[in-house]
Amino acid sequence: MERILKSIDRLNAWVGDWVRVLVYFFIGLICFEVLLRYGFNHPTIQLPVIVTMTAGAMYVLSLGNIMRQDGHVRIDIFSRLLSDRGKAVLEVVLGLLFFFPVIGALAASAFGWTWYAWSIDERDTQTFWYARIGPIRTVVLIGLILFLLQGVAVFVRNLEILLGRKKTP
């Protein structure tokens, strides 16, 4: 089981490393668009769409890695008062009540929208470029699946703490 959990961690860390590269690409795109728009008074119709899709990809692909690093924002008014075992109980209960139903529903919905986008060759109608939507919907689906997998890894580790099989972090 630990090998599977470490594989999920490695996968999300690897994707997180690639998202870091994507950030530089994203910054370059924005600078290039600003230069074209304000420096040469020649804006493009493609770059705003590409920038929006790149930002969405960075956001959703980073979710699993942030969870791996325990970096999501929390309001720890109560949890800071709990022991490590108490925090594990809280994580397990909240995971079952909120995380898995919400992220599972989002992933299921993303699967439906991804299938739909590819099946009808859906296009973005915000510009006259009419970019394909299937690729970004696929990236969103992959990001949500990675987030869900990392949630499973965190959940299993918290269960191991509760069952006394693992020392607290």
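Modeller: Helices here are DSSP runs of H or I, at least four residues long, numbered from the N terminus. V93 has its place in helix 3. Keep in mind that this is a predicted model.

Colleague: Why is V93 called partly exposed?

Modeller: Its relative accessible area is 40%. Buried means under 20%, and exposed means over 50%. The value for V93 lies in between, so V93 is partly exposed.

Colleague: What makes V93 part of a patch?

Modeller: A patch residue needs over 30% relative accessible area and no salt bridge. V93 has 40%. The nonpolar surface patch consists of L82, V89, L90, V93, L94, L97 and F98. Together they have about 570 Å² of accessible area.

Colleague: Where is S79, and how do you know whether S79 is buried or exposed?

Modeller: S79 sits in the loop between helix 2 and helix 3. Its relative accessibility is 18%. The cut-off for buried is under 20%, so S79 counts as buried. Leaving out residues up to four places away in sequence, S79 touches K87 and L90.

Colleague: Which residues have the most contacts inside the largest nonpolar core?

Modeller: They are V15, V19, V60, L61, F99, L144 and F147. This core has 23 residues. Helix 2 gives the most, with eight residues.

Colleague: What does L144 contact, neighbours within four places in sequence aside?

Modeller: L144 is in contact with V60, I103, L106, A107 and A110.

Notes
Residues are numbered from 1 along each chain as its sequence is written. This is a predicted model: local features need pLDDT of at least 70, side-chain atom pairs count only at pLDDT 80 or more; totals for chains, interfaces and linings use all residues. Side-chain values use heavy atoms; hydrogens and water are left out. A nonpolar core is a set of buried Ala, Val, Leu, Ile, Met, Phe, Trp, Tyr and Cys residues joined through side-chain atoms within 4.5 Å. Buried means under 20% relative accessible area, exposed over 50%, partly exposed in between (1.4 Å probe, protein chains only). Helices (H or I, at least four residues) and strands (E, at least two) are DSSP runs, numbered from the N terminus. Contact means heavy atoms within 4.5 Å. Patches are made of residues with over 30% relative accessible area and no salt bridge: like charges are joined within 9 Å, nonpolar side chains (Val, Leu, Ile, Met, Phe, Trp, Tyr) within 5 Å. Accessible areas come from the Shrake-Rupley method with a 1.4 Å probe; for residues, only the protein chains shown count as cover. A salt bridge is a side-chain nitrogen of Lys or Arg within 4 Å of a carboxyl oxygen of Asp or Glu.
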